[in-house]
Amino acid sequence: MEFFNTKISGSGKFNPEKIMTNEDLTKMVDTSDEWIVQRTGIKERRIADLDKGEYPSGMAYYAAKDAIEKAGLEPNDIDMILFSITLPDMLFPSTASQLQDKLGITTHCACLDINAACTGWVYGLTLGNSLIQTGAYKNVLVVGTEMTSAFNNWEDRNSCILFGDGSGAVVLSRAEATEECAIVDSVLSCDSSKADTLILYKGGSKAPITHEVLNNKEQYVTMDGQVVFKNAVKTMAKHCATLLKRNNLTTNDIDWFIPHQANLRIIETTAKLLNYPMEKVICNVEKYANTSSASIPIALTEAINDGRIKRGQTLLFAAFGAGLTSGAVLIKF
Ligand SMILES: CC(C)(COP(=O)(O)OP(=O)(O)OC[C@H]1O[C@@H](n2cnc3c(N)ncnc32)[C@H](O)[C@@H]1OP(=O)(O)O)[C@@H](O)C(=O)NCCC(=O)NCCS
């Protein structure tokens, strides 16, 4: 059986226009700009506007359109949409299928939502790569889009300061034999023994929304920040070290490290554990906060667009999130 390499042929992003600063948050919960910046590095975040159609598939339309154009393709060239989303447009049909409609794809493109929370886009990259490597598909659109403002409890200062809305997308395409691009390796994991440290308990089939749920504000996310913090650093560093070791690389071989943009202290601690310089870490958490599974493709697109990331470079992605999921991907861009 013939195997093919996968390249990122195009990438795109969308950030809602509406900015919510830390100062704005001080009017909603007992917090301060100083506390938020010191503990997270976050200065502001973007908030989706439903009146402008900025629900997940609506935001993803702009990121996906940009990625498809940059890849030099038409929407109908896409064989499959893998859509990472934590709180979808609706429970079914999939948000991927909503995006297919918005993009005007008229072929029998396959559509699948992935829920691996903030790690979802990294999961999608790994799945999309497998489908291209085996020759099943030529072009797979991998989207990470989140409307975290919909599951954020704006009265809980422990978590509401952390999140923002946005979308990022890449097109994965079969690389020509002459091209050096490849998704070299990846590692994914989930530790469900810690699932209750980052969880949205109510609103699914097990515990539907009732008046009581709404009164108790149980339709929102709850989090044990310190457990999540420690687990994030540990698993991201471990997965990155695994990828480096089994591909006979050192951190010197990595041109850019693009971690999930959750918290500057998590990013700095992970880089320190890996003995990797912060100057080569792509970081935009101060502008957008934690956009969950959209954060890596947004950061990647920004760095490609401003010329930091160039063809031929070696990139390392790492993410963590509810589950507790985690993963890392090594790329020859
Ligand atoms: C949430 C997080 C920023 C909290 O930072 P921390 O240093 O662990 O802070 P603590 O939870 O220990 O809280 C310290 C104090 O600040 C208070 N505090 C919490 N949130 C606050 C806020 N927004 N503003 C001001 N004070 C706050 C706490 O009540 C606590 O007060 P106390 O000592 O009187 O009890 C940090 O744990 C974190 O980033 N964890 C990872 C979360 C994450 O990334 N989640 C998404 C994963 S995809």
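User: Is Ala117 buried or exposed, and why?

Analyst: Ala117 is buried, because 24 other C-beta atoms lie within 10 Å. A residue counts as buried if 20 or more other C-beta atoms lie within 10 Å of its own, exposed if 12 or fewer, and partly exposed in between, with C-beta atoms placed from the backbone. This is a predicted model, where local features need pLDDT of at least 70, side-chain atom pairs count only at pLDDT 80 or more, and totals for chains, interfaces and linings use all residues. Residues are numbered from 1 along each chain as its sequence is written.

User: Where is the place of Ala117?

Analyst: Ala117 is in the loop between β5 (110-114) and α5. Helices (H or I, at least four residues) and strands (E, at least two) are DSSP runs, numbered from the N terminus. The phi of Ala117 is near 50°, a positive value in a residue other than glycine.

User: What is phi of Ser292 near?

Analyst: Phi of Ser292 is near 55°, also positive in a residue other than glycine. Ser292 lies in the loop between α9 (285-288) and α10 (295-305). Ser292 counts as buried because 32 other C-beta atoms are within 10 Å.

User: Which residues does a cis peptide bond join?

Analyst: Phe92 and Pro93 are joined by one, with omega about 0°. Pro93 is in the loop between β4 (80-84) and α4 (95-103). The bond from Gly323 to Leu324 is cis as well, with omega near -5°. Leu324 sits in the loop between β12 and β13 (325-332).

User: Changing topic. Which domains is the chain divided into?

Analyst: The chain has domain 1 (6-174) and domain 2 (182-332); these bounds come from an automatic or database domain assignment. The centres of domain 1 and domain 2, taken over C-alpha atoms, are 14 Å apart.

User: How many residues of each are in contact?

Analyst: 45 residues of domain 1 are in contact with 42 residues of domain 2. Contact requires that the C-beta atoms of two residues, placed from the backbone, lie within 7 Å.

User: Which element gives the most to the side of domain 1 that touches domain 2?

Analyst: That is α5, with seven residues. The residues on this side of domain 1 divide into 13 nonpolar, 23 polar and nine charged. Ala, Val, Leu, Ile, Met, Phe, Trp, Tyr, Cys and Pro count as nonpolar, Asp, Glu, Lys and Arg as charged, and the others, Gly among them, as polar.

User: And the ligand? Which residues come nearest?

Analyst: Thr31, Arg157, Gly225, Phe229 and Ala262 come nearest, out of 19 residues around the ligand. A residue is near a molecule or strand if its C-beta atom, placed from the backbone, lies within 6 Å of it. The shell around the ligand has nine nonpolar, eight polar and two charged residues. Domain 1 and domain 2 each supply at least three residues of the shell.

User: Where does the largest share of the shell come from?

Analyst: From α7, with four residues. Both α2 (33-40) and α7 supply at least two residues of the shell.

User: What about the largest nonpolar core? Which members touch the most others?

Analyst: Ala64, Ile81, Leu141, Val142, Val143, Leu316 and Phe317 do, out of 96 residues in the core. Helix α7 (residues 225-246) gives the largest share of this core, eight residues. Domain 1 and domain 2 each give at least three residues to this core. A nonpolar core is a set of buried Ala, Val, Leu, Ile, Met, Phe, Trp, Tyr and Cys residues joined through C-beta atoms within 7 Å.

User: Which residues is Val142 in contact with?

Analyst: Leaving aside neighbours within four places in sequence, Val142 has contacts that include Leu82, Trp121, Leu125 and Val170.

User: Last one, strand β11. Which way do its residues point?

Analyst: In β11 (residues 256-259), Trp256 and Ile258 point one way and Phe257 and Pro259 the other way, and all are buried. β11 pairs with strand β12 (residues 314-321) in the parallel sense over four bridges. Pairing requires that DSSP finds at least two bridges between two strands. Pro259 is opposite Ala318 in β12.
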